[in-house]
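This report describes the structural features that can be read from a single set of coordinates. The chain and its three-dimensional form are shown first.

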Amino acid sequence: MSGVEPVQKNIEALLKAQQESAHRLLIVISGSREWCQRVIPRQRNSLSRWSWVGDSDIGLQSPSGIRPVSAKQAHQLLGQESDCVLLDCWSGFNPNGFGQVVGTLVAGGTFILITPLPELWEGFSDPEYQHIAVEPYVEKDVGRRFIRHLQKTIVADDQLIQFCENVPPPKNPCSASVTIVRASDAAPEGFPYKTADQASVVNNCLKMVDQRRAVRVVTADRGRGKSAALGIVAAKLMNGDAVEIILTAPSRSSVQSVFTMIKMLLPFEKLLCDRDSWTLGKSRMCFILPDLLIQQRPAADLLLVDEAAAIPAPVLLNMLDYQRVIFASTLHGYEGTGQGFAVRFMPLLDKRVPERVLLRMEQPVRWAEDDPLERFTYQALLLDAEPVQFPTTHQDQGVNLESLSFKRLYSDELVANTSLLKQLFGLLILAHYRTTPGDLRILLDSPNIQIWAGFIVMNGEEQLIATALLATEGPIAPELADAILKGTRRPKGQLIPQTLLAHSQIPEAAGCCGLRVMRIAVHPQLQHRGIGTALFKAIEQGYSDIDWLGTSFGATSPLCDFWQKLGLRLQRLGYNRDKVSGTHAAVMLKGFTPAGCELQQKGMLKAQQQLLNDPAIESVVADELADVFIF
């Protein structure tokens with residue numbers, strides 16, 4: 001228990017000194033569980049703006065006066081502001097929870113990461129492992145690579161301060177590490193604006209109501225006041241002439257800042273509120289999820305789309321049926337992937353609405369620019385990961401598609417090669433609107449994940465231009481398979497075998513083993529050249545011990561066509577539409593061995609019966625998927 005008092009005094013001094021800064025500070029406390037518990041700072045003043053992320057049942061005890069929030073519940077803190085955040089890694093390190101709660105910390109605040117000793121952390125039985133392990137794997141099978149990556153990020157950061165048990169604390173950490181930076185970007189317009197950027201965006205967007213057709217695209221990194229800007233726009237319009245506004249986003253929790261501004265700026269005594277609508281006189285704003293918006297298409301003078309990066313491009317295009325739309329997108333964040341938004345959606349938008357206006361918010365609202373904690377977060381979670389960039393005229397710049405080659409990659413080499421890891425994760429970010437920091441940990445640590453990649457030679461160097469993530473599935477033990485058939489067990493993982501067992505009632509699914517394609521991605525500058533097809537065929541040839549290759553995805557005509565050309569056939573179509581994409585989940589499969597081919601045939605017959613005879617699926621038959629599938 002040595003060195004507790006000096007560390008406590010140092011941390012208290014740092015917290016006090018940091019309050020004068022417009023930047024945020026990261027402190028890492030590393031030691032035994034008992035030592036960490038003793039050195040946790042206990043602020044003598046009000047703790048109302050302190051947050052504790054952890055689970056006292058499995059980790060450390062939060063200081064008295066701070067309500068603990070588990071990492072899984074960290075989204076509850078969105079829209080709030082914190083002066084100090086303490087994250088208990090003895091409860092596990094959840095990348096999504098970390099990414100969410102970091103954004104609540106304001107300028108002058110301190111983020112405290114509490115971890116096991118550096119030399120023991122990688123071997124520590126992180127409670128998150130039980131969420132990563134899927135049937136038939138258990139906790140001990142989960143990799144420790146993400147923690148290795150996180151430790152590398154900590155070691156490389158010269159602006160954080162680390163206190164370790166049995167290591168003397170620095171004599172004067174305040175003078176060495178806390179740089180006082182004053183914020184200088186306050187909006188000249190004053191309240192309610194936090195920055196000149198925010199005021200400019202709001203004023204530009206307010207002009208839209210006078211235009212017959214208007215589309216704005218607002219992009220920003222986290223913490224720039226983008227959602228609050230939408231709230232200010234809505235409040236100012238509602239306070240004027242009668243207006244009908246619709247707000248949509250992937251989840252209600254992601255637009256808390258919009259709700260906060262509405263309540264702050266409109267007269268409370270006249271504002272009528274229920275869970276999803278706010279009415280002032282003849283003006284109203286309603287919140288509705290994207291899938292319901294596309295289905296119901298309620299009338300509106302203005303549509304606000306927040307966290308557009310986390311909504312599929314086809315759904316966003318449907319929203320252009322409204323005459324006035326503001327798309328707001330986080331560029332780098334846990335909500336979705338702005339890079340993918342730019343690549344997939346913006347070119348389509350430019351064709352539909354060439355007069356669209358692009359607005360960029362650069363100035364942070366809650367902290368000053370060049371914030372050390374923001375930089376650490378980007379490095380730890382690879383929020384700014386991007387694939388290799390080719391010149392626009394890449395055909396003339398040494399890109400040789402004839403040099404295309406494919407191979408399996410291993411997580412250990414990705415952790416050792418941060419540049420390759422960022423390129424690969426950047427491709428995944430571009431490929432799927434729901435890629436989150438949590439996917440990085442699954443990529444590195446999950447024992448059932450296999451990674452394939454495609455490379456070309458450019459200017460004499462090998463460059464990664466395609467990737468696929470595969471999940472091993474099956475066989476399933478007879479006793480468990482019987483329970484799944486009966487509907488009494490639904491273990492984690494094993495998506496395709498479980499679907500065929502539980503929903504299609506095909507017992508043979510339990511005895512087969514296969515690979516499910518979770519993600520497949522090709523560099524956007526090299527798409528539509530057969531690279532994805534070639535990658536899939538390379539994977540086919542790379543295994544001789546599997547019965548099938550399959551996939552599950554939100555069914556659209558182009559995607560179904562892609563997979564069917566590769567020989568996969570429909571096994572099951574989900575009943576419920578995804579709340580964001582509005583699509584139904586399709587399970588498709590291609591058999592290789594006699595057992596796999598028999599499974600494919602039985603699944604096809606069940607799927608055909610489902611589409612023809614199941615009354616719950618009639619709505620799907622009536623839409624664009626009716627003639628898509630091959631049987």
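The model discussed here is predicted. Asparagine 459 counts as exposed because its relative accessible area, 58%, is over the 50% cut-off. This residue belongs to the loop that separates β16 (449–458) from β17 (461–473).

With a relative accessible area of 81%, histidine 528 is exposed.

## Cis peptide bonds

Glutamate 135 and proline 136 are joined by a cis peptide bond with omega of about 5 degrees. Proline 136 sits in the loop linking α5 (129–132) to α6 (145–156).

A cis peptide bond also joins phenylalanine 191 to proline 192, where omega is about 5 degrees. The loop that holds proline 192 runs between α7 (173–177) and α8 (196–206).

In soluble globular proteins, nonpolar side chains tend to be buried together. In this model the largest nonpolar core comprises 79 residues, and those with the most contacts inside it are Leu86, Phe93, Phe111, Leu113 and Ile114. Helix α17 (residues 418–431) supplies the largest share of this core, namely seven residues. Apart from it lies another core, with 39 residues, including Ala199, Met208, Phe259 and Leu359.

Which residues does phenylalanine 111 touch, not counting those up to four places away in sequence? They are Leu25, Leu26, Ile27, Val85, Leu87, Phe98, Val101, Val102, Leu105 and Leu373.

Eight strands form an open sheet with mixed pairing, in the order β9-β10-β11-β8-β12-β13-β7-β14. Its edge strands are β9 (271–274) and β14, each of which pairs on one side only. From one strand to the next, the twist averages 15 degrees.

The buried residues of α8 are Asp197, Gln198, Ala199, Val201, Val202 and Cys205. Their cover includes β7 (214–220), α9 (226–238), β13 (324–330) and β14 (357–361).

## Strand β21 and its partners

Strand β21 (residues 584–591) is largely enclosed by the rest of the structure, because seven of its eight residues are buried. It pairs with strand β19 (residues 548–554) in the antiparallel sense over seven bridges, and serine 552 stands opposite valine 587 in β21.

Strand β20 (residues 569–577) also pairs with β21 in the antiparallel sense, here over five bridges, with leucine 570 opposite methionine 588 in β21. β20 and β21 form a hairpin with six residues between them, and glycine 582 in the turn has a positive phi of about 75 degrees.

## A serine side chain and the cysteines

Serine 403 lies in strand β15 (residues 399–409). Leaving aside neighbours within four places in sequence, this serine is in contact with Phe455, Ile456 and Val457. A polar atom of the serine 403 side chain is 2.8 Å from the backbone nitrogen of valine 457.

The structure holds zero disulfides. For cysteine 513, which is in no disulfide, the nearest cysteine sulfur is that of cysteine 512, 7.4 Å away. Cysteine 597 is likewise in no disulfide, and the nearest cysteine sulfur to it, that of cysteine 512, is 9.9 Å away. Cysteine 597 counts as partly exposed, with 38% relative accessibility.

Conventions
Residues are numbered from 1 along each chain as its sequence is written. This is a predicted model: local features need pLDDT of at least 70, side-chain atom pairs count only at pLDDT 80 or more; totals for chains, interfaces and linings use all residues. Side-chain values use heavy atoms; hydrogens and water are left out. A nonpolar core is a set of buried Ala, Val, Leu, Ile, Met, Phe, Trp, Tyr and Cys residues joined through side-chain atoms within 4.5 Å. Buried means under 20% relative accessible area, exposed over 50%, partly exposed in between (1.4 Å probe, protein chains only). Helices (H or I, at least four residues) and strands (E, at least two) are DSSP runs, numbered from the N terminus. Contact means heavy atoms within 4.5 Å. Two strands pair if DSSP finds at least two bridges between them. Axes are lines fitted to C-alpha atoms, for helices over the stretch in contact, and angles run from 0 to 180 degrees between N-to-C directions. A polar contact is a pair of N or O atoms within 3.5 Å; within protein, one must be able to donate a hydrogen and the other to accept it, and residues adjacent in sequence count only if both atoms are side-chain atoms. A disulfide is a pair of cysteine sulfur atoms within 2.5 Å.
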